Protein chains: 2
Amino acid sequence: MKLKKPYVLFLGDVEDDLAAKVAFGIADWRKEDCVGQIQLEGCQTSLDIPKLSLDEAQNMGAKTLIVGVANRGGGISETWHSTLIQAAEMGFDIASGLHQLLISVPRLEEVAHKNNIILHEARIPKGSFPIASAIPRSGRRLLTVGTDCSVGKMYTALAIERELKTREINVDFRATGQTGILINGEGVPIDAVVSDFISGAIEQLCPENDDNHWDIIEGQGSLFHPSFAGVSLGLIHGAQPTDLVLCHEPTRTHMRGLPDMPLPEILECIQSNLEAAYLVNKDAKFSGIAVNSSLISELERFALFDKLKEASGLIVFDPMILGIEEFVDDLLGKAC
Amino acid sequence: MKLKKPYVLFLGDVEDDLAAKVAFGIADWRKEDCVGQIQLEGCQTSLDIPKLSLDEAQNMGAKTLIVGVANRGGGISETWHSTLIQAAEMGFDIASGLHQLLISVPRLEEVAHKNNIILHEARIPKGSFPIASAIPRSGRRLLTVGTDCSVGKMYTALAIERELKTREINVDFRATGQTGILINGEGVPIDAVVSDFISGAIEQLCPENDDNHWDIIEGQGSLFHPSFAGVSLGLIHGAQPTDLVLCHEPTRTHMRGLPDMPLPEILECIQSNLEAAYLVNKDAKFSGIAVNSSLISELERFALFDKLKEASGLIVFDPMILGIEEFVDDLLGKAC
């Protein structure tokens, strides 16, 4: 799966920003690949890119319409059907990460076939995967891991990729979830891969590379989230990381979705992830702690960052609020 | 998936004992459920149960024909086709754990449908699975874990189940691999479950139960095998074990299939499995070490067992050679 650029982002008639999370992610991280957005009547949100019709999008060269919606339940609204059919008839590829598949839209698969366009379902793993070999491989691989689910692993990885690109470092973001895949145009939805192949699919995603090439790999779940820790561990082993970044959201009172499950201690979490990584790379090390501090005050932020820095000896940063220059300086300095 | 009893075991024309591993397993552990075996011309192995034709098997009440073969490549030989078709025509259900599916045999699916019989593919997970909740649940759950793959986790679990049954303890063996499923008549092929549901599928397999009920759960892989450790970890979290048994094969020189990957130290392996189990049950504990000592001398065996016992403080036993009475005495004593 690799999406043809440039894109037009379809918002449908979503009710708020949150439901358009995917579109916001693409516009945040790949604005250069987006010609504009398509909204239907009743759409309650808007991106900072041109509002277009399908005709205008085509005239501007858009090749793929991406459904930028991540609504509750993951359904495809009937109000979108005619636009999706029309897009297929006009020759756009269509990509979606929704739970309900594009092929469930009446006639869409048939129209797609007739017009020789591709329906990309970002939730469905494509191709076949090997069993992991765990053979040591060259290249730098930075993996973001988390104290919990949904703490900023994808955004941290994308921020690091962007900063490395700015410095003209040879770098690839490696997406492992639906949203990351739609942002990046390719990747593996690791939570949908058959469990025997978790590590093998990740090895395939970030193969050996030049010594000065960086893969920035989006982690999933947390070793301390008992619903998904198997995925997290398989991902670590497949990634064979040279560098790890711990992502953390300080206002969580319990693991996501599990009211009785406490958060891990930061140092315990670092230690467990390191031990997991050591199995495939004895030289793996943590390079920093990325804190999503958007929900705490500036005063709390500095106090927390100082505390974490002192306890861990690592650089502590918020990639979205305070930037990551210092972190990347340190990362590249140590890698020399 | 639950196989109808009794069974007739189909050996086809396999060339040696190893290729009939599944049939030997069923005859070892569920002989009371087997009316006999069916061999084709050229079959080079035999079980200690009656040799039958399909007609004789039917007259003896057999309801399911189990393909007892685990050959290299997992293929269904063309020489078996006519027997499988005939069995379906006669009204036998057919079960197989081979990689090549029963439905790939020409006409078999159609004949099965017409005769209203079930083709059980033990490699394919059936039904839908929840995301794991990790909510504490009642009942005793003993999980076998390993220093490596294929070290005796299934046989150890089945031996413990048998001994508990002998003592009239309320017990269920919970199968998580193809062979275990065919032996037990039900279970979940966890390595074929989509990774998001590893732990949830295991929670469903061994739900809460009476305080004096034991689930003996077949583990998979090893936390120290980087190809499969994600499956092993998800299985531990889903099992929420009260008791763990470490299974070990002392002649391994490296992790199975990975020549450069050393075996873990026994105590390190115990500690890692305990830490994984603690996430879902703070009271989890190891109850013993099961050593597959069939490939070492008696002298080596006693020296090794003494060494492991002294290092770990646990009961060390070989369930197949020395029996497990002492282990089960201790297990039940501690559980009181």
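**Notes on a two-chain model**

1. Let's begin at His248(A), which stands opposite Val291(A) in strand S10 of chain A. Strand S9 (residues 243–248) and S10 (residues 285–291) of chain A run parallel, with 6 bridges between them. To get from S9(A) to S10(A), the chain passes through helix H9 (residues 266–278), and this β-α-β crossover is right-handed. Keep in mind as you read on that this is a predicted model.

2. S9(A) has another partner too: strand S6 (residues 140–146) of chain A pairs with S9(A) in parallel, through 5 bridges. If you want a spot to look at, find Val145(A), whose bridge partner in S9(A) is Leu246(A).

3. Is S9(A) mostly covered or mostly exposed? Mostly covered: 6 of its 6 residues are buried.

4. Now for the largest nonpolar core, which counts 214 residues. Which of them touch the most other members? They are Leu9(A), Ile26(A), Leu9(B) and Ile26(B). Take Ile26(B) as a case to explore: leaving aside residues up to four places away in sequence, Ile26(B) touches Tyr7(B), Leu9(B), Cys34(B), Ile66(B), Gly68(B), Leu182(B) and Ile183(B). As background, nonpolar side chains in soluble globular proteins tend to be buried together.

5. Next, the place where the chains meet. On this interface, 27 residues of chain B are in contact with 27 residues of chain A. Helices H7 (198–205) and H8 (229–239) of chain B are the elements that each give two or more residues to chain B's side. H8(B) provides the largest share, 6 residues. By type, chain B's side has 18 nonpolar, 7 polar and 2 charged residues.

6. The peptide bond from Lys5(A) to Pro6(A) is cis, with omega near -5 degrees. Pro6(A) lies in the segment before strand S1 (7–12) of chain A. Chain B has a cis bond from Lys5(B) to Pro6(B), with omega near -5 degrees, and Pro6(B) lies in the segment before strand S1 (7–12) of chain B.

7. Glu168(A) isn't a glycine, yet its phi is positive, near 60 degrees. You'll find Glu168(A) in the loop between helix H5 (153–166) and strand S7 (171–174) of chain A. Why does Glu168(A) count as exposed? Because it has 7 C-beta neighbours inside 10 Å, and the cut-off for exposed is 12 or fewer. In chain B, Glu168(B) has a positive phi of about 60 degrees and counts as exposed because it has 7 C-beta neighbours inside 10 Å.

8. Last stop: Asp306(A), in helix H10 (residues 298–312) of chain A. Asp306(A) has 11 C-beta neighbours inside 10 Å, so it counts as exposed. From Asp306(A) to Lys2(A) is 304 residues in sequence and 42 Å in space, C-alpha to C-alpha.

Technical notes
Residues numbered from 1 in each chain as written. Chains lettered and ligands numbered in written order. Predicted model: local features only at pLDDT ≥ 70, side-chain atom pairs only at ≥ 80, totals over all residues. Buried ≥ 20, exposed ≤ 12 C-beta atoms within 10 Å, placed from the backbone. Helix = DSSP H or I, 4+ residues; strand = E, 2+ residues; numbered from the N terminus. Pairing = 2+ DSSP bridges. Right-handed = clockwise from strand over helix to strand, strands pointing away. Core = buried A, V, L, I, M, F, W, Y, C linked by C-beta atoms within 7 Å. Contact = placed C-beta atoms within 7 Å. Nonpolar A, V, L, I, M, F, W, Y, C, P; charged D, E, K, R; others polar.
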